[in-house]
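Here are a few friendly notes to read alongside the model. Please keep the structure open as you go through the points.

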Amino acid sequence: MQVTSPDSVFLGFHALSDAIRINVIELLRDRELCVCELCDALGVTQSKLSFHLKTLKEAGLVRSRQEGRWIYYSLNLQQFVALEQYLAEFRRFSAIMPSRSCPD
């Protein structure tokens, strides 16, 4: 499992908290794409997209590889599985406690 620390959990969910980054992830679901393809599909500048791709890479959600002068991006599915497992731990091990009132 790739998520091992609170920081990596935070980075993962932070990366998923922006509409542009979610759109990038949706575009990468089917196949690897280069920066120019992502910019065209999203209608954003390369500098704006670079900021979002950096956030996704730091969270481990996206991988990149360079081929010639092009950089291609793809999903790192292992990190998505790790975040999913983190959330599943709440469902599996956390008791659902009834609400209680504070004493007056």
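What share of the contacts in the chain with a separation of 6 or more do residues 24 or more positions apart account for?

1. The share is 54%, counting contacts with a separation of 6 or more and taking residues 24 or more positions apart. Contact here means heavy atoms within 4.5 Å.

2. What you are looking at. This is a predicted model, in which local features need pLDDT of at least 70 and side-chain atom pairs count only at pLDDT 80 or more, while totals for chains, interfaces and linings use all residues. Residues are numbered from 1 along each chain as its sequence is written, and side-chain values use heavy atoms, with hydrogens and water left out.

3. Overall layout. You will find five helices and three strands in the chain, and from the N terminus their order is α-α-β-α-α-β-β-α. Helices (H or I, at least four residues) and strands (E, at least two) are DSSP runs numbered from the N terminus.

4. Burial and surface. The chain has 104 residues, of which 32% count as buried. Buried stands for under 20% relative accessible area, exposed for over 50%, and partly exposed for what lies in between (1.4 Å probe, protein chains only).

5. Helix 2 against helix 4. Helix 2 (residues 19-28) packs on helix 4 (residues 46-58) at about 75 degrees, the axes being 10 Å apart. That angle makes the two helices roughly perpendicular, a label for 65 to 115 degrees; under 35 is roughly parallel, over 145 roughly antiparallel, and the rest oblique. Axes are lines fitted to C-alpha atoms, for helices over the stretch in contact, with angles from 0 to 180 degrees between N-to-C directions. From helix 2, Ile20, Arg21, Val24 and Ile25 meet a set in helix 4 that includes Leu49, Phe51 and Leu53. The residues of this contact divide into seven nonpolar, two polar and two charged. Here Ala, Val, Leu, Ile, Met, Phe, Trp, Tyr, Cys and Pro count as nonpolar, Asp, Glu, Lys and Arg as charged, and the others, Gly among them, as polar.

6. Helix 3 against helix 4. The axes of helix 3 (residues 35-42) and helix 4 come within 10 Å and cross at roughly 105 degrees, so these helices too are roughly perpendicular to each other. Val35, Leu38, Cys39 and Leu42 on the helix 3 side meet Gln46, Leu49 and Leu53 in helix 4. This contact has six nonpolar residues, one polar and no charged.

7. Threonine 55. This residue sits in helix 4 and is buried, at 12% relative accessibility. Beyond its neighbours within four places in sequence, threonine 55 contacts His14, Ala15 and Arg21.

8. Which rings pair here, and how are their planes set? The pair is phenylalanine 13 with tyrosine 86, tilted because the planes are at 50 degrees, with ring centres 6.2 Å apart. Rings of Phe, Tyr and Trp (its six-membered ring) pair if their centres lie within 6.5 Å; planes under 30 degrees apart are stacked, over 60 edge-to-face, and the rest tilted. Phenylalanine 13 lies in helix 1 (residues 6-15) and tyrosine 86 in helix 5 (residues 77-93), 73 residues apart. Phenylalanine 13 is partly exposed at 31%, and tyrosine 86 is partly exposed at 33%. Alanine 82, also found in helix 5, is buried at 1% relative accessible area.
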